Every structure is written in C-alpha cells, then in structure tokens.
Protein chains: 2
Amino acid sequence: MNKLNAAWAANNSLLCVGLDPDMARLPAQFQQDPNGIYQFCTAIIDATADLACAFKPQIAYFAALGAERQLEDICAYAREKYPHIPLILDSKRGDIGATAKQYAREAYDRYGADAVTVSPYMGSDSVEPYMEWTDRGVIVLCRTSNPGGSDLQFLQVDGKPLYQHVARLVAEKWNANGQCALVVGATYPEELAQVRAIVGDMPLLVPGVGAQGGDIEATVKSGRSKAGTGMMINSSRAILYATPQAGEDFAAAARRVALETRDAINQHR
Amino acid sequence: MNKLNAAWAANNSLLCVGLDPDMARLPAQFQQDPNGIYQFCTAIIDATADLACAFKPQIAYFAALGAERQLEDICAYAREKYPHIPLILDSKRGDIGATAKQYAREAYDRYGADAVTVSPYMGSDSVEPYMEWTDRGVIVLCRTSNPGGSDLQFLQVDGKPLYQHVARLVAEKWNANGQCALVVGATYPEELAQVRAIVGDMPLLVPGVGAQGGDIEATVKSGRSKAGTGMMINSSRAILYATPQAGEDFAAAARRVALETRDAINQHR
C-alpha cells in the first residue's frame, strides 16, 4: 500500500498498464523471436514506467504459450528497474487453504508480485494464506467488467446485490491487516460508486477502460477516494496494441496512448 | 463424458486420484531429482491406473515450483499410456472471455486435459470460451469442501443458498451441450444431495474424502446418480502420501489406499 501511494504521487497517475501479450497481435519482429514476449513487454514497461501507478501482467496469456519463464524475467526486470512501481499478478486464483498457499508462493515468491488478484467464491480460508506475506496485497474480485459478471454478482442477498456483500466482507473482515483491495469494473460506474461508499479509502483495481469501453470521466468521478486517488485504472490492449502514427513505433504509440489515458484520468480527479 | 462413462465401467471405480506434489512430502529420492515430480507422479499414475476413473493434477503445486514442464510431461504420459482415463486439470480459473480463451488453450491444448475446473463468479462469458473445445468438459465450482466456502456459497438468494443457484444456472443454461460438471465437496453430504436433486445425472467432482475428512458412505449415498455412478470422488494427499507398511514402497502404499478407497466407495453404490 505504501508503494502504491508513492507511485500515485511520483507519477501523478492512476493508470495501471496491463501486460496481455497476445502473440497474434505482437509486432512482427517479436513473433519469430523465442524471447519475443519478454522483448515486447519490457519495451512497453520502459515506454510507460513514468506514466503508470502499476504494471499488471495477465498470467493467462503467458500460460497459454508456456511462457512462464519469460514472465519470471519480465517481473524481475520490472522489479529491478522500476522498484517503486507496484507489480500486480492478475491470476484470479481461488482454492482451499493448502492450495492457496501454493498460489501465494507462485505470485509472491516466484514472480515477486506486490499483489495478486483472487476470486472470493471459496471464501475466507482461500484468501487467508496470501496474508502471511504481510508486505504484499490481495485484490479480491468484486464487480467484474464483463457482461456475464451479473450472473452471480447481481443476485440479490438481503435486498443487496452479491458484489456489495463481497465488498463489505472484504472491508469489514478480510482487510484486518490493510492488505486488501478490490476489482471493480469501469463498465458499471454506478456500482463503482456503491463499492466506494462501502469500502472507504480501500484501493480499487478498475479494468474496463480502453478496449472494453468504460467511460473515463464516469469511472474517475465514481471511484476516486477522498484524496483523489484510490484507483488503479487498468488499460491493457488499447495501450499494448496502439496503432502507430507517422514516425512512431509500437512503443512510442503505447506511450502516447498511456499519456493520453493518464491525462484524461487526471482531468477528472 | 463418454470417456468418463467408460472409465467408471472399465475400472468399476468412482475414485479420482489427485496429483498434488508437495516437495516437502515427496519420498527422499525425488526431492533431489530435478525431474522428481515427474517421476513421483507417473509412479502414482502407474500404481493406480486400474483403480481410478480420473486423474486430477492440481496446477498450484506445479506453479509454485515452476514445474509446468514436468506437468506437461506428466499429462502427456497419462494421455499416452492410459488414454481411457480422463485427465482433469484442477486450476479453478475464471476471467473475462478473451482471457478465459487463453486459459482454455492452457488446459486443453497445452496440457491436453479432458476437463478443467473453473470458478463461476465471473459468469457465463467466463465459461463459454471453454465450450469451443466441444469434446472437453468444464467443471464449475458449486459447493466447495473448505470451511470458508460458506462465506459466499451459503448466502441466501430468494430463500436458497447461492450454491444451489449455481447448480441450477449450470444445469439449465451453461450445460446446453452436455459439457458441464460441478464441484461439490464431500464434507457436506446434505448439500451434495441437494445438488444431485437439482442437476439430474450431471457428473460431480467431489473432493474432501481422505485428508479433508469427508465420510465415504454419506458421500456416495448423497451424491450417486440413478445409475450408481455420477461422481468422481477425489482423494489426493491420503493416497499420494500413504504411509508404507512393512515391505511396501510409496507406490505400493498409494495403490493399497487407492484400492481401499475405491472398494469403500463401491460398498455403498
């Protein structure tokens, strides 16, 4: 949390840069390179490190390609070169305690992540093992940005949607040591505001701007904390696969979109 | 589903053998061996292949150790040598559609799994991408075996606990192509019976016997289908780390416990 607070301030940014390396969309020079994912992701990191409050690799893209080793190297690169920028492993794990501990080892020890996303469906003992790493964070899924998110998250429990129960559970119980944050999608600004009202200043990881179409102004106004921070607003594909303008390469294009996004966010803080 | 039906019949077994290789608990000869996890797991597979209706590697144990390559090799070994035994990748993934597709690639293409466990929290579009592999299965978390499972799964929605809504959602909507199964823990036999009543003959993956303490008789009587099958009753640690008796090695001990467990299950079918 200290690291995140410092990154918000140092880069004047609430922008989280998501790293979702889709081989088919990488610039041609990286598609033939066995280390191409590493080359691509570290170039994006270098191009955006002064504009981001966090980096968030999505492990599914690496797992599909058997590229865990490149993910290890990318995380090591980010930690070493930009130690002040929080690194979030987006893996949405959730399992019984003994297994969750293995996932915590994966996220924190193997990849050196500062925080990891987890699913709340299996309850408290699926989240507790992560808390043993007392200097790390746990970001619990609450209201996700996808359309099907409503299937469960909008079911009414005591007259309130399930996602609000999750927000309350995390804020009132699981966050005893101040290690928790929540995932709340930008595609539902009203619900973002509901969650903010429940959780006080707890940080929110907010996916769904950029390729998923969330509105930046509504997102910022609904989700900001009293201090005008409190959010990691994630954009992945819109930055990674920005179309270069004349004279730009992919990294310069990514930087341009990241800068525009950061500034658009800051307009409304 | 055909493969599972055939395995139930061929081995007269509802026992699923879970592969959770915990380095600290492996026999000493494997702890120093860089390929020790592969050696251990394939020995367990060989020792139990005529007693099991499925094998279920838990990916967390491999991910914590950076042993994905050994998991690939274990899956390839099982598929080649025992092609009639379903292989379940226990990974409990759940993410937005584009990302879920990457996880489906990981499970089905990379590891060659016949089925994969997924979390329902993110809803239909987090599960649909898996269905594109029409000859594979998707096993959705419903009522999990851990104590904290009640935190969400027992919340009342329209007078029924959430897990029953999940069971109904999967049975009535997500299972249109007959590719779905559910995870329901053995630690709650009454709830297992409730789920069986909702889902008809749908297969249930039932963890929680063995180390987690679920009662076999109650589990079988509550969860069996009309045909006396319908379940993959998982045991991992009790089999993997069986204490050898005089004259046994770890694999013989695993076989003995697997045989006892299979037969104890069959007593009550």
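Me: Which residues of H13(A) are the buried ones?
Reply: This is a predicted model, where local features need pLDDT of at least 70, side-chain atom pairs count only at pLDDT 80 or more, and totals for chains, interfaces and linings use all residues; side-chain values use heavy atoms, with hydrogens and water left out. Residues are numbered from 1 along each chain as its sequence is written, while chains are lettered from A and ligands numbered from 1 in the order in which they are written. Helices (H or I, at least four residues) and strands (E, at least two) are DSSP runs, numbered from the N terminus, and buried means under 20% relative accessible area, exposed over 50%, partly exposed in between (1.4 Å probe, protein chains only). By that rule, the buried residues of H13(A) are A:Phe250, A:Ala251, A:Ala253, A:Ala254, A:Arg256, A:Val257, A:Ala258, A:Thr261, A:Arg262, A:Ile265 and A:Asn266.

Me: How far apart are the end C-alpha atoms of helix H13 of chain A?
Reply: The expected span of a helix is 1.5 Å times one less than its number of residues. Helix H13 of chain A has 18 residues, so it should span 26 Å. The model agrees, because its end C-alpha atoms are apart by 26 Å.

Me: Which residue has a side-chain oxygen that reaches the backbone nitrogen of A:Ala251?
Reply: Look at the start of H13(A), where the two atoms come within 3.2 Å. The side-chain oxygen belongs to A:Asp249.

Me: Is A:Arg256 buried or exposed?
Reply: A:Arg256 forms a salt bridge with A:Glu260, their closest N and O atoms being 3.8 Å apart; a salt bridge is a side-chain nitrogen of Lys or Arg within 4 Å of a carboxyl oxygen of Asp or Glu. The two are four residues apart in helix H13 of chain A, so about one helical turn separates them. A:Glu260 is partly exposed, with a relative accessible area of 45%. A:Arg256 has a relative accessibility of 18%, so it counts as buried.

Me: How much area is buried between chain A and chain B?
Reply: In this model, 52 residues of chain A are in contact (heavy atoms within 4.5 Å) with 52 residues of chain B. Buried area is the accessible area (1.4 Å probe) that two parts lose on being put together, summed over both. Carbon and sulfur atoms give 57% of a total of about 4,100 Å².

Me: How many salt bridges are there between chain A and chain B?
Reply: Side chains of opposite charge can pair when their charged atoms come close. One pair is B:Arg110 with A:Glu68, at 2.8 Å between the closest N and O atoms, and another is B:Glu68 with A:Arg110, also listed at 2.8 Å. Between chain A and chain B, the salt bridge count is four.

Me: Which residue forms a salt bridge with B:Glu72?
Reply: B:Glu72 lies in helix H5 of chain B and its partner in helix H6, so the pair ties together parts that are 38 residues apart in sequence. B:Glu72 counts as partly exposed because its relative accessibility is 22%. At 2.7 Å between the closest N and O atoms, the partner of B:Glu72 is B:Arg110.

How values were computed: Polar contact = N/O pair within 3.5 Å; in protein donor to acceptor, adjacent residues only side chain to side chain.
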